[in-house]
Amino acid sequence: MLIEAAKPASGQSKLPLFVGSDVYRQAAFGQHHPLSIIRVSGVVDLCAMLGWFDAGQYCESPQASVDQLQQFHLPAYVAALREADERGSVDKAVRDRYRIGTMENPLFPGLFRRASIAVGGSIHAAELAMDGRVVFHPSGGTHHGRADRASGFCYFNDPVFAVLTFLDKGLERVLYADLDAHHGDGVQDAFAEDPRVLTISIHEEKRWPHSGLVEDRAAGCARNLPVPRGFNDSELDFLIDNAVVPLAREFEPQALVITCGVDGLEGDPLSRLSLSNVGLWRAVEKLVAEQPRAAVLGGGGYNPWTVIRCWSGLWGRLGGRPIPDTLPSEAQDLLRSLHCDLIDEDEVAESWLTTLADRPNSGPVRAEVERLPGLVLREAPSTCVA
């Protein structure tokens with residue numbers, strides 16, 4: 001697809017960059033899987049329709065090499081996934097050991113290439129961010145992947161590689177913030193004993209993977225903010241301002257990696273949070289503004305209308321673009337063409353088809369949310385640094 005250039009957003013000393021690939025236009029995950037929907041390709045198309053790519057802003061994602069993948073993932077697992085993809089089948093022993101070829105983590109044509117391009121994209125995002133800019137890689141955010149197995153729709157763990165890239169470039173402190181509705185367990189555990197990395201996760205309590213309790217510090221450098229159902233924009237603002245930002249300032253990171261899953265938005269079928277995309281944009285902007293460089297990744301999100309609108313709008317906000325009140329007709333046509341097995345036609349809100357920004361979902365800050373900053377600020381994260 002040809003991406004037309006648009007004028008630079010005013011006031012930007014360094015334009016943000018967008019890392020993507022046409023591999024995400026290919027069918028994946030098989031039928032009836034929550035991730036069989038259109039996501040990132042729809043974001044690219046919608047942003048192009050809005051003229052939100054300047055010349056040079058869209059960067060092609062490289063594919064991570066086997067050697068790069070083995071910097072975190074065990075060689076036996078990388079080999080097993082590659083072989084299973086080539087064969088198009090997996091035997092029971094491999095399926096049980098590596099959790100591939102299951103309903104949760106199915107085999108599909110091109111799996112290994114797609115998963116390794118996601119890793120390559122997050123590595124590239126961190127590399128590009130090193131010169132002091134924000135890089136958006138919405139195809140990233142596979143935060144459940146384990147060193148030795150697939151987990152939670154995630155075959156590799158690309159956020160880990162974004163963090164490792166910053167560290168490999170000589171940075172001494174990296175903040176990882178996870179705004180997905182599900183706990184960022186794979187990233188937390190990957191850096192549990194690394195004092196150079198502070199992980200902070202805001203996620204729905206009592207939801208898979210059932211980890212990330214408020215008392216969970218890993219080996220000292222993790223902070224978890226489990227939130228109740230119905231979590232609203234005001235409560236997210238409260239936690240960002242009173243927990244995440246203070247923790248970050250105390251830690252003094254030199255780079256930020258964010259997993260911006262959008263399954264916490266109102267209308268997502270796999271969570272029961274009630275955020276608006278405007279609230280999520282604001283949270284990301286506050287965190288990015290505090291740091292000298294940032295790699296902003298995608299993550300979960302299983303409603304194609306809310307996913308595409310949120311990540312498109314986030315790209316616009318990161319670049320200082322005005323958000324239109326009403327989308328142009330071709331953009332509305334794109335949104336009207338979407339389908340999702342998990343959402344009935346009568347559940348599709350008209351605003352999902354005609355606008356980019358949600359109506360803000362403000363509300364009271366409930367006691368169970370108000371108590372969280374005090375619980376996670378008891379121990380200064382500066383103690384993570386050796």
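Pro209 sits in the loop that runs between β5 (197-204) and β6 (222-227). The peptide bond joining Trp208 and Pro209 is cis, with omega at about 10°. Another spot to look at is His32, in the loop between β1 (17-20) and α1 (40-49). His32 isn't a glycine, yet its phi is positive, near 65°. Why point these out? Most residues other than glycine have a negative phi, and most peptide bonds are trans.

A quick word on the ground rules. This is a predicted model, in which local features need pLDDT of at least 70 and side-chain atom pairs count only at pLDDT 80 or more, while totals for chains, interfaces and linings use all residues. Residues are numbered from 1 along each chain as its sequence is written, and side-chain values use heavy atoms, leaving out hydrogens and water.

Now for the helices. The axes of α8 (residues 233-251) and α9 (residues 277-289) come within 9 Å and cross at roughly 15°. An axis is a line fitted to C-alpha atoms, for helices over the stretch in contact, and angles run from 0 to 180 degrees between N-to-C directions. Angles under 35 degrees count as roughly parallel, over 145 as roughly antiparallel, 65 to 115 as roughly perpendicular, and the rest as oblique. So α8 and α9 are roughly parallel to each other. Among the residues making their contact (heavy atoms within 4.5 Å) are Leu236, Ile240 and Val244 of α8, along with Leu280, Ala283 and Leu287 of α9. By class, the residues of this contact divide into 7 nonpolar, 1 polar and 5 charged. Ala, Val, Leu, Ile, Met, Phe, Trp, Tyr, Cys and Pro count as nonpolar, Asp, Glu, Lys and Arg as charged, and the others, Gly among them, as polar.

How do α1 and α11 (residues 329-336) pack? Their angle is about 165°, with the axes 9 Å apart, which makes α1 roughly antiparallel to α11. On the α1 side the contact uses Gly42, Asp45, Leu46 and Met49, and on the α11 side Glu330, Ala331 and Leu334. Those residues split into 4 nonpolar, 1 polar and 2 charged.

Then there's α3 (residues 75-87) with α5 (residues 111-129): the axes come within 8 Å and cross at roughly 135°. The two helices are therefore oblique to each other. Val78, Leu81, Arg82 and Asp85 of α3 meet Leu111, Phe112 and Arg113 of α5. In this contact, 4 residues are nonpolar, none polar and 3 charged.

What about the gaps? Rolling a probe the size of a water molecule over the atoms shows where empty space is left. On a 1 Å grid over the protein atoms alone, a cavity is a set of points where a 1.4 Å probe fits but cannot get out, a pocket is an open set with protein on both sides within 12 Å along at least five of seven lines, and lining residues have an atom within 4 Å of a point. Points are joined across faces, edges and corners, and a volume is the space filled by probe spheres set on them.

The largest pocket holds about 680 Å³ of space. Its lining has 37 residues, with Phe29, Leu35, Arg39, Arg114 and Phe153 nearest the centre. Helix α5 gives the most to that lining, 4 residues. The structure also has 4 cavities of 30 Å³ or more, and the largest cavity contains about 50 Å³.
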